[in-house]
Every structure is written in C-alpha cells, then in structure tokens.
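Dear colleague,

I am passing on the structure that we talked about, and I would ask you to keep it open beside this message while you read. My notes on it follow below.

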Protein chains: 6
Amino acid sequence: MASRALVIGRFQPPHIGHIELIRVASWENSRVIVAIGSAQDSHTPRNPFTAGERYEMLQAALAEEGIHNVDIIPVTDVNRNAIWVAHLESMLPLFNTVYANNPLVRQLFEEEGYTVRTVQPFKREAVSATAIRSSMGAGLSDWEKLVPPAVARIVGEINGMERMRQINSTD
Amino acid sequence: MASRALVIGRFQPPHIGHIELIRVASWENSRVIVAIGSAQDSHTPRNPFTAGERYEMLQAALAEEGIHNVDIIPVTDVNRNAIWVAHLESMLPLFNTVYANNPLVRQLFEEEGYTVRTVQPFKREAVSATAIRSSMGAGLSDWEKLVPPAVARIVGEINGMERMRQINSTD
Amino acid sequence: MASRALVIGRFQPPHIGHIELIRVASWENSRVIVAIGSAQDSHTPRNPFTAGERYEMLQAALAEEGIHNVDIIPVTDVNRNAIWVAHLESMLPLFNTVYANNPLVRQLFEEEGYTVRTVQPFKREAVSATAIRSSMGAGLSDWEKLVPPAVARIVGEINGMERMRQINSTD
Amino acid sequence: MASRALVIGRFQPPHIGHIELIRVASWENSRVIVAIGSAQDSHTPRNPFTAGERYEMLQAALAEEGIHNVDIIPVTDVNRNAIWVAHLESMLPLFNTVYANNPLVRQLFEEEGYTVRTVQPFKREAVSATAIRSSMGAGLSDWEKLVPPAVARIVGEINGMERMRQINSTD
Amino acid sequence: MASRALVIGRFQPPHIGHIELIRVASWENSRVIVAIGSAQDSHTPRNPFTAGERYEMLQAALAEEGIHNVDIIPVTDVNRNAIWVAHLESMLPLFNTVYANNPLVRQLFEEEGYTVRTVQPFKREAVSATAIRSSMGAGLSDWEKLVPPAVARIVGEINGMERMRQINSTD
Amino acid sequence: MASRALVIGRFQPPHIGHIELIRVASWENSRVIVAIGSAQDSHTPRNPFTAGERYEMLQAALAEEGIHNVDIIPVTDVNRNAIWVAHLESMLPLFNTVYANNPLVRQLFEEEGYTVRTVQPFKREAVSATAIRSSMGAGLSDWEKLVPPAVARIVGEINGMERMRQINSTD
C-alpha cells in the first residue's frame, strides 16, 4: 500500500494551523484521511459546529488551497479510549501513518503499534481553536485572519457568530 | 390547532419561578406541555430528584395553584444538540410555541423555525434552583419559601434534604 | 398512599381493549399511571406511531370516555430486563399495584415483590393491536371499530394509514 | 445552493445497480453525497464489510467509472426513525434532493418536507445485494459480474469470501 | 507470560459440554479466563439468567469439578463486531490463546492475529444449551442430566424453570 | 446464605487502603465480591488503567496478601444513579452486606434497603488514589510504598508511568 496518513481533529472550526498540518501530510503521503472527530457534537461552546458544517468548511478550504489527495470523514466518539483505535480502523479506509500532536492520541496509537509523527507547522503557535471560538463568541473579527477564507465565508452564511454568542450566554 | 405551548425545565426542584412561568403560558395558550428534562438523572448535586419525584412535585403544585390545562411529560436527554428538537417533537404532543429563557434552547428551536417566547416572571430574579439546592444540602430551611407548599411537603416525605446532604458530601 | 395502579402498554395504537383495562384500573384505584412503553420507537411495522402521537390518542380517548384519574407518561426502553422495574420506578410517580397480562411483565414485577393483577376485559379477545395494524397497512377500515373514535380521528389527521402502507412495503 | 443530492445505502457491497443510481444522481445534480448507512455494522451476514472497507470499494468504483462530483460519508445508525432525518442533516453537508427507492426512507424524508426521487436504473432488477452476499458466502463467483471490477478486487484483497463463509456458518 | 487461555460463552446455562471445554483449557494452560458474554441480558428465552446467576453457576460447577485455575469475568456486549476483540482485551486480563468453536468468534480473533483453537469435547454433540432451555421452559426434567449438579441446584433455588415458563409464554 | 460482602471501587490503582478494606471484609464475611467500577474507562487522568489491568493488579495483590475468599468482577457504569443498584444486583453474585465509605454509594444502597458498613482502615488517611496518580504522572516514585508490591510491579510492566505522563500532558 502506498503511504496513507491519518490526521485527526475536531476542527471547531478548521484554522490555518490545521490546513498547514494537512498540507504537510499531503506532501509526504500519497493520500491523507482527515477524520473529523466528535462528529456527534454541536451547539456547545467547545463544539459549536455540526459534522456536516465542518465537512463543508474543510472541503472548501482544501479546494481553495489546491490540496486534492484528501478524504474527509466524520467519526463519532466511542467514549472509551481502549477501543478508540479499533473504532477508527473500522470506520476509515486503511492508513499506515498517524499525524498527531495530541499526547493522548499518540499514546493510544503507539500502544496499538503505530508510528505517530509530530508536525510543528510553521505558524502553529499563533493559532488556537479555543481562542478563535472565544473571539467569535465575543462578536470580534480578529479570528477571521486565523481561518481560511472559505471557513470565514461559511461561518457567515450559517450565522455562526450569533450561534456562538447564544451558546456562550447559556449558564 | 389551538395554541399549545411547550415549557421545558429540569425542575430540580420546581420553584415559584417555574410555577409563574407555567401560569403565564397557561393563560396565553389553550394547553401547556411541561417537559421535565434530563429525566434519566437523579441523586447528583445538580439533579437530586428522579423524574417520578419531579412529576409528583409539579402535579401537586399545579393542582394547588389551580392550573389545570397542563400535561407533564418527562423526557430523557439525547446528548446531541443537533437532534434534540426532533427528539422532543417525537416524544411530545404537538406544540406551536416555546417558552424558554435559556439561550441554547432558544437557539436550537429557532434554527428549526420555531418562535420562542421569553417570559420575565415578576418574582423570577429571586428564585434560583441552584440556590435552593445549596440551601437544602446545607440543612437550612430558607429554601422552603421559594417553592410551592406541595414541593416542600414532598421533599420532606422522601427525605430529600438528607439525600442532598449525602450527595453533596461525595467527593 | 392511596392505591395507585400502573398500566403498561405500547399502545400501537390504543384500542378498546386498552381502554377497558384502564377503566377497570381507574375504578379500582384512586389514580392510574398509564406508561407508554417503547416510547423511542416509531415508523416501524410493529411501532408505527411516535410517543407524542400515542399520548394524544390516549388522552383524547380517555377524555371521550370520561376517565379522568389517569396520568399518561411515555417511557423509553432500557433493553435490559433485569433493571427495567428500577427504571420504571425512577421514571414514574409512586405506584403500588401493577395491571399486566403480559407474562414477562408479570415475572419482572413479581421478582421485585410487586403484586400483579391480571384483568380479562369483557371484549378483550376481540381486540389485537397486531390485527389492527395489519388492517391499517392493507388500507382496510375494519380496524376503526376496534379503536375509540378519537383514535380513528387522529390516525386520519396524521395520515397514519399511508404511513403504515409505506412502512409495510419496506423490505 | 446548486442542486445537491443525497443517495443513501448500506453498500454491502456496492454493486452495479448502486453505481448506476449514483451516476444518474451525479448527472442531475452539481454534487452528490453518498451516505454509507449502518456504518457501525460489520462481520454479520447482512453487513459483512466495515464502513472503511465500503468506503474504499465505493471510492475505487467511482474513480473507475469516472464519476467525480461525489462525497462519500459513512453514517452510524441512530435506531430511532423519528430523529433519523435530523441525524443525517447534522452529519452531512447540505443537500436538497433525496434519491431513494426504499419506502421507509421516502416516508421519513417526506414527513420532513423533502422531495424524494425514485430512480429505476436500467439494469436494476438484475442486481440484489442479498443475492451477491449469498453467492459470496457459498464460495461461488457469479457475483463478480454484478459488482464493479474495483469491488471484486478489494473483496479479494481482504479475503471477503472467506469472511462471508465463516460468518454464514455461525449458528 | 505463561499460557493463558480465553474461553467465551453465554452459559445460558452452563452445561457439561462447557465444563469439558474449560477442563481441557485448564489442562493445557496455566490459567483460564472464562468470559460470560452478553452479560447485560436476562429474562429472555435465549438469555434467561443474569450475569450474576451465571457467575454463581459456573463458580459452583468448577469447584465441584475441582477445576481451580480459572477466572470468571462477565462481559457486556458492544454490538459492533469490528471492535469486539479490542473490547475484550480491555476488559480482561492478558490472554494469548483463544478456545472457540463459534466461527464468528474465530474469524474476529484471527483477523486480530490470534491463534484460535477448536476443541471437540468428548460428549459435546449431546449437549445443546438451546435444547436445555426448551426442556426447562416446558417443565421437563431431562435437562438436569446435561448440566453439572451445582447448576441444577441453583436453577432450583432461583425458580429458574418457572421463570423460563413465564418468559416463553410471552408473545 | 452465608454472609457475602460487596466492596466497590475504581481501583485506579489498587492501594494499601483498598487492601486493608478488603481484608476486613474478608475477615467478617464468608466471601467478598470486589467490584471494579467504571470498568469501561481507561487512559484518562482519573482512570488510567483498563479493567483488565486493574483485575490483574487486584488479583496479584490479594494473592500476595494471602486473602483468598474474594471474587473480583469488573462492572461498567450505567450513568443513572436510580438504577445503579439494580444494575449491580444483576451483574454480581448475591451479596447481603455493602462496605462503602462513599456517601453516594451509601445513599443509593440504603434507599434500596441495604445495610451499609463504613470501615475506617488503620492506615487509610495516608492513602489517596488521586495523590498516587499525581505522583505517577510526575515521574516520582513515592507512590510505590502506597501500593502493594504486585501493583508496583505490574505498573512497571505495562509502562504505566509513561502512560500517565502522556495522558496528563493532554490539554
């Protein structure tokens, strides 16, 4: 099998750090599977967007960037770490490399015998999805430069900032 | 269809602010559905009473107040905001108006095309279920004036204060 | 506590045998709790109607019959027989008698120490919900005399026969 | 929004009837979402292949056929018909047309206000996934002409026929 | 690690064929893990006994037989074949051999790289749990010679035959 | 029935306070059931070890201490306090005494009519599983004297400290 990489994230929302990571994986592998985690969650401060909305955002952003060898697949949680890798293996096409900066993801895949690669994207330190969501919820616009133009456009179309504001004001 | 209102709450326990809200809804509509949310939860600091106990409390309190055009229905959570309105629609009789002060509830129903009404009951600011539970758990009695007499009576019958004390002392 | 009876059924749909059973329970007890079981199911040949639709049907039929001391409460399944009685106890107001003709229901409640009463309603043998659903799905009208008038009316309003026909033609 | 079609199936395995249906949808719409249903199931007589395997099969078959405007997305079941459409809406990108021959799928989408299109593909009558699975499990090869070449190749690579044989011999 | 065997069954109820299989495994390995599958099920025609009851039966029967190097562990189902082996690995102590006659169990463990051993116990063909349950439900006693004495005794103590009779008479 | 005690804990990991408690219960009863709670959880800061690993640790530690009349049984959560006792009753062999220091556990069992015993083990105050896990995650070794030697050995064999370090560094 040619090299196939797995990139996992919640993408709430996809930002330029995510795109950089996917771009690196797409250079280094013949194909990349981007798994949208916690697909079942939406309308919470930590997970404002549905899996479908995040799919649209990622797809549009990757098209914009000319990254083509990527399959995007939403995956629901199983809420049991010990079976999470088996869950992903059953839900996704075959992959042989995992790109992950999250230590738990690294631990779980390494216990199952995978090699896990860490990527320090160039602009990574400047981008935090948490900060982007805070900015959105506060009605600011400084988050827009931290996401691909397609993501900013889609957030606008679905009234994402108003949704964030309502969600954040719930006890 | 004559106007049917939905009022949603956890009612842990029902207090005079809840009764006021239901009374307003019962004036303004031919029938009111009171959905007891998080029906599956009990014996926690945030959700001390079972759905059955909360049903008894609400029913007795509404009888006491002479509010008769109300259907009380416990509803379990689905833990997925994006399908919560569809879940309620399948579990409840038809309704066409929603009374909600909670911003998330408002957001979810508005995304599905409902008109959501906010009610600022007269005495509302004085009543917080959280404060009532704290007072109960501390063995005080000042919460009793914040709930209908029937609720105070039922809490006594089921040893609710002792339950709250035990639950609160759990790490 | 005054005598409180529990009557459990799926009520797909409520028929005159159900109403007779509830009437007997309502004579013999100060209050009756009618639990609508398998509340989460709908749109299947065995469970065509939602919990909300069944609630409407039961409520209208009991009003029509002048039976007033009844609380109707939908209850979702737990799919584990060993904890089903505990589940009902937590979801429902207190009850001390169970009316059940179903042997499994009898077995489960008796193992928990309840006395279970069997009622042989006068017309019972003539009424089978299975037969009613078959007739509905086949586009016949002979089922209408086996259900309270309110049920036949509501089935009409929600296009229940067309729904049954579509469901039944699915592999 | 340009026309976006939803095609739903279990694709156990994808066969030439499925490909024809997707081809029609891809002609008539700017994009097609192919949802792989019952994504959580595998290794049963009715659902032998994992979601990941079915994704590979569909993707390879569509590439082989030169059908490019398709997004493939696995979706787990919710096991509650009344909320299934809301579940799909949250998990998938926006769509405005549904292609479905299954009467239950038609019923559920029509109740939510969608227009559902039925397609009678040219060769459809000759192709049944059930028959293909039976043939596979019996160790025959006549099923191979009923699936795209890519599907036959992948079934071979994953020892699909041996898996079918083992599964079928389980009580 | 010394050799550790896994034996899996539903043990509804444990019979002399099961005991023979466990005896062989206990001879051939330093320790045996007996997993009681479908632990969550009870009070159905196919799964009449609770996990706790089956634990008591197995423990008493193995003591009676002088088989001591066995750990009995109930395990709930996950209802997803693709993650079932990972589920067992997380719930059970380490094991390196699997004894299984069930083809699906064999298939699932072999796909994960395990060696699976088939045992044809001497008296096996004479013993079927299905036949034992039928006999119990019919009020016969010919099943008693097919189970260890301890199992027959416990079935008596918990009124198992009456339970079977009630369950079997439920539509 | 001779006296049978239930001891419940998460045992993350088993420490000398747990062993003391089990020893007291084993003196005072003919048999002890040790239920490993939250069996489904692992690889989190609060629940680092799988049910299988905790089973191994407890079994080895009790053997080391010469405590023999104990059955160890992992039990998954039900996440509903009102049915938790019924869940345990179905999953475990019969028991008539509960040893619990946790107030919620006490409350739930007392509501079901059990007598609950509190044990203040001699060295208890010195031992906190939370502190042990913190020490492990920080790469210290002072936790080793707070657990039975067998537990320290198994933690070493499964690289438990490295796992804790990775888990703790995850956001």
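This is a predicted model: local features need pLDDT of at least 70, side-chain atom pairs count only at pLDDT 80 or more; totals for chains, interfaces and linings use all residues.

**What was found**

Asn79(F) sits in the loop between β3 (70-74) and α3 (81-91) of chain F, and its phi is near 60°, which is a positive value in a residue other than glycine. For background, most residues other than glycine have a negative phi, and most peptide bonds are trans.

**Other backbone features**

In chain E, the peptide bond from Gln12(E) to Pro13(E) is cis, with omega near -5°, and Pro13(E) is found in the loop between β1 and α1 of chain E.

**The strands of chains A and E**

In chain A, five strands form an open sheet with parallel pairing, and their order is β3-β2-β1-β4-β5. Strands β3 (70-74) and β5 (116-117) of chain A stand at the edges, and each has a single partner strand, so one side of each is left without a neighbour in the sheet. The parallel pair of β4 (residues 97-99) and β5 of chain A is joined by two bridges, and Val98(A) stands opposite Val116(A) in β5(A).

In chain E, strand β1 (residues 4-9) is mostly covered, since five of its six residues are buried. The chain passes from β1(E) through helix α1 (residues 16-28) to β2(E), and this β-α-β crossover is right-handed. Strands β1(E) and β2(E) (residues 31-36) pair in the parallel sense over six bridges, with Gly9(E) opposite Ile36(E). Strand β1(E) is also joined by three bridges to β4 (residues 97-99) of chain E, again running parallel, and there Ala5(E) stands opposite Thr97(E).

Arg31(E) belongs to strand β2 of chain E and is partly exposed, with 19 other C-beta atoms within 10 Å. Not counting residues up to four places away in sequence, Arg31(E) touches Arg4(E), Asn69(E) and Asp71(E).

**The core and a helix**

Which residues touch the most other members of the largest nonpolar core? Of its 325 residues, they are Leu6(C), Val7(C), Ala35(C), Val7(E) and Ala35(E). Leaving aside neighbours within four places in sequence, Ala35(E) is in contact with Leu6(E), Ile8(E), Ile73(E), Val75(E), Leu88(E) and Leu92(E).

Helix α6 (residues 149-157) of chain F has Ala150(F), Val151(F), Ile154(F) and Val155(F) as its buried residues. Seen down the axis of α6(F), these buried residues fall within an arc of 135°, so they line one face of the helix. As a general point, an α-helix has 3.6 residues a turn, so residues three or four places apart point the same way. The buried residues of α6(F) pack against α2 (51-65) and α7 (160-168) of chain F, whereas on the other side of α6(F) Gly156(F) and Glu157(F) are exposed. Just after α6(F), Asn159(F) takes a positive phi of about 55°.

**Where chains touch**

Between chains A and D, 15 residues of chain A are in contact with 15 residues of chain D. On the side of chain A that touches chain D, the largest share, four residues, comes from α2(A), and by class this side has eight nonpolar, five polar and two charged residues. Elsewhere, ten residues of chain F are in contact with nine residues of chain A, and the residues on the chain F side divide into one nonpolar, eight polar and one charged.

With kind regards

Conventions. Residues are numbered from 1 along each chain as its sequence is written. Chains are lettered from A and ligands numbered from 1 in the order in which they are written. Two residues are in contact if their C-beta atoms, placed from the backbone, lie within 7 Å. Ala, Val, Leu, Ile, Met, Phe, Trp, Tyr, Cys and Pro count as nonpolar, Asp, Glu, Lys and Arg as charged, and the others, Gly among them, as polar. Two strands pair if DSSP finds at least two bridges between them. A residue is buried if 20 or more other C-beta atoms lie within 10 Å of its own, exposed if 12 or fewer, and partly exposed in between; C-beta atoms are placed from the backbone. The arc is that of the directions from the helix axis to the C-beta atoms. A nonpolar core is a set of buried Ala, Val, Leu, Ile, Met, Phe, Trp, Tyr and Cys residues joined through C-beta atoms within 7 Å. A crossover is right-handed if, with the strands pointing away from the viewer, the path from the first strand over the helix to the second runs clockwise.
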